[in-house]
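Have the model open as you read.

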Amino acid sequence: DRVAGPCAIVLFGVTGDLARKKLLPAIYDLANRGLLPPGFALVGFGRREWSDAQFVDVVRESVREHSRTEFDPDVWEQFRTGIRFVNGSFEDAEAYARMRVVLEGLRKERGTGGNTAFYLSVPPSSFQVVGGHLRDAGLAEADDDAWRRVVIEKPFGHDLPSAQELGRAIDAVFPPEHVFRIDHYLGKETVQNILALRFANVMYEPIWNSEFVDHVQITMAEDIGVAGRAGYYDGIGAARDVIQNHLLQLLALTAMERPNSLGADDLRIEKERVLGAVVLPDDLAASTSRGQYASGWQGGEFVRGFVEEDGMAPDSRTETFAAITLG
C-alpha cells in the first residue's frame with residue numbers, strides 16, 4: 001500500500017448517513033493503517049452550527065461505532081488535530097470564502113501543500129451549485145504544484161440526459177482528469193476477489209465461459225430497511241440505487257474477457273465491451289420485477305414496512321426490490 005501525500009479532504013454532506021457510517025470511519029482506518037501522512041486534514045462542510053471541537057466529537061463517535069480497525073488513542077490524537085468544520089449551506093457564497101481561509105490555514109499549520117480533494121456526498125441536484133461556488137471562490141484551481149480533485153457519489157442523474165447535463169456542469173469547473181465518479185461498492189473485498197477468482201485461478205479460468213456456464217445470477221440482499229433515509233430513497237428506488245451502478249459493474253466483472261492489464265483504461269475497455277453486448281429483452285414486463293418490503297418479523301423483532309417508515313409517503317410507488325433478466 002502507498003502512503004498518500006500531504007492533502008486535505010473536504011466532505012460535503014458530512015452529516016449524512018454515508019459519511020457517518022462509511023466515509024469518516026474509512027478515512028480514520030487509512031490513518032490507523034499508516035496510509036495517511038502527518039500533513040493530512042479533514043474539513044467538514046454542513047449547515048450545523050458546529051465548532052471544530054463539536055465536529056471532532058461527531059467524527060470520534062462515528063469512528064468508534066463504525067471503524068473496521070481498533071481505536072488507537074495515539075493515532076486519533078494525531079488525526080483529530082487536523083479536523084475542521086465550516087458552517088454553511090451549498091448556496092452560501094460566504095461559506096466558500098470561509099472554507100478558502102480554513103484551507104489556507106491548514107496549508108500553513110498542517111503542511112497540506114494546498115492539495116485538496118472535494119468529496120460530494122450530496123444529491124445530484126446540488127453538484128452544479130457546489131461546483132459553481134468552488135469555481136467562484138477560486139477553490140477549483142490550485143496554484144504552484146498543488147492539485148485539486150472532486151469526487152462524486154452516485155446517483156449521477158436520473159436518466160441519460162440528466163447525467164449528461166451534470167457531466168457538462170462539472171466539466172465546466174474541473175478538467176475531466178481531476179474528476180472521480182466513484183462506485184464505492186467496487187472496493188468491497190468480495191467484489192475485488194472476482195478478478196482473482198477468474199483470472200488467477202487455474203481451475204476456474206479455463207471453464208468460465210459460455211461453453212460451461214449456462215447462466216449467472218447476481219443477488220444483492222440487505223437485511224435493513226431505509227431507516228432514516230426515506231427522504232433520499234423515496235423517488236430513487238432499488239433500480240437506480242444499485243442496479244444501474246453496483247450490479248452492472250458486477251455483471252461486467254463477471255462476464256468480461258481478460259484485460260491486457262488491471263489498469264483503469266484496460267479494465268474500462270473490457271467492461272464497455274460487455275455492456276455494449278448486453279441485449280435487453282423484447283418484453284421488459286415479463287423479464288423485470290419490482291416490489292416493496294412489507295412489515296413482519298425479522299430476527300425475533302417486528303419491523304415496519306417500507307411505506308410505514310418515518311417520513312415515507314404512504315402511497316409511495318418506489319421499489320425496494322428490483323430484478324431484471326439480461327441476455
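How many cavities of 30 Å³ or more does a search of the whole structure find? One, where a cavity is a set of points on a 1 Å grid over the protein atoms alone at which a 1.4 Å probe fits but cannot get out. This is a predicted model, so to speak of local features takes pLDDT of at least 70 and side-chain atom pairs need 80 or more, while totals for chains, interfaces and linings use all residues. Numbering starts from 1 along each chain as its sequence is written, and side-chain values use heavy atoms, without hydrogens or water.

The largest cavity has a volume of about 60 Å³, counted as the space filled by probe spheres set on the points. Its lining (residues with an atom within 4 Å of a point) includes Leu 120, Phe 127, Gly 131 and Val 150. By class, that lining has eight nonpolar residues, one polar and no charged; Gly counts as polar.

| Element | Residues |
|---|---|
| α5 | 127-136 |
| β5 | 148-152 |
| α6 | 160-171 |

Now the helix pair. The axes of α9 (residues 237-255) and α10 (residues 264-277) come within 9 Å and cross at roughly 105 degrees, so the two are roughly perpendicular (65 to 115 degrees). Lys 271, Val 274 and Leu 275 are the α10 side of the contact (heavy atoms within 4.5 Å).

Definitions and conventions:
On a 1 Å grid over the protein atoms alone, a cavity is a set of points where a 1.4 Å probe fits but cannot get out, and a pocket is an open set with protein on both sides within 12 Å along at least five of seven lines; lining residues have an atom within 4 Å of a point. Helices (H or I, at least four residues) and strands (E, at least two) are DSSP runs, numbered from the N terminus. Axes are lines fitted to C-alpha atoms, for helices over the stretch in contact, and angles run from 0 to 180 degrees between N-to-C directions. Angles under 35 degrees count as roughly parallel, over 145 as roughly antiparallel, 65 to 115 as roughly perpendicular and the rest as oblique.
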